[in-house]
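Come and read along with me.

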Amino acid sequence: MEILLHANVLRNFWQSSIDDGVEIKAIAYRSDQGAQASEVLSIASPSSFNKFG
């Protein structure tokens, strides 16, 4: 699922950018323009993912 993550929402989580492949958990809502993140809950790098399930 694609969700728009505006830079201002990301900055509220003390981040100015994110790398490809990161996992982001966020609260999202559906607007006339599609799904948009309203709050970032966590950001995990690919190296921290549990590869065994």
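Here are my entries, from the whole chain down to one residue.

**Ground rules.** I am working with a predicted model, where local features need pLDDT of at least 70 and side-chain atom pairs count only at pLDDT 80 or more, while totals for chains, interfaces and linings use all residues. Residues are numbered from 1 along each chain as its sequence is written, and side-chain values use heavy atoms, with hydrogens and water left out.

**Whole chain.** I found 1 helix and 2 strands, in the order α-β-β from the N terminus. Helices (H or I, at least four residues) and strands (E, at least two) are DSSP runs, numbered from the N terminus. Of the 53 residues, 17% count as buried, meaning under 20% relative accessible area, with exposed over 50% and partly exposed in between (1.4 Å probe, protein chains only).

**The hairpin.** I looked up how β1 (residues 23-31) and β2 (residues 34-44) pair: they are antiparallel, over 9 bridges. Two strands pair if DSSP finds at least two bridges between them. The two form a hairpin with 2 residues between them, and alanine 28 stands opposite alanine 37 in β2.

**Isoleucine 43.** I then picked this residue of strand β2. Is isoleucine 43 buried or partly exposed? Isoleucine 43 is partly exposed, because its relative accessible area is 28%. Not counting residues up to four places away in sequence, isoleucine 43 touches Leu10, Phe13, Gln15, Ile18, Val22, Glu23 and Ile24; contact means heavy atoms within 4.5 Å. The C-alpha atoms of isoleucine 43 and phenylalanine 13 are separated by 9.1 Å, and these residues are 30 apart along the chain.
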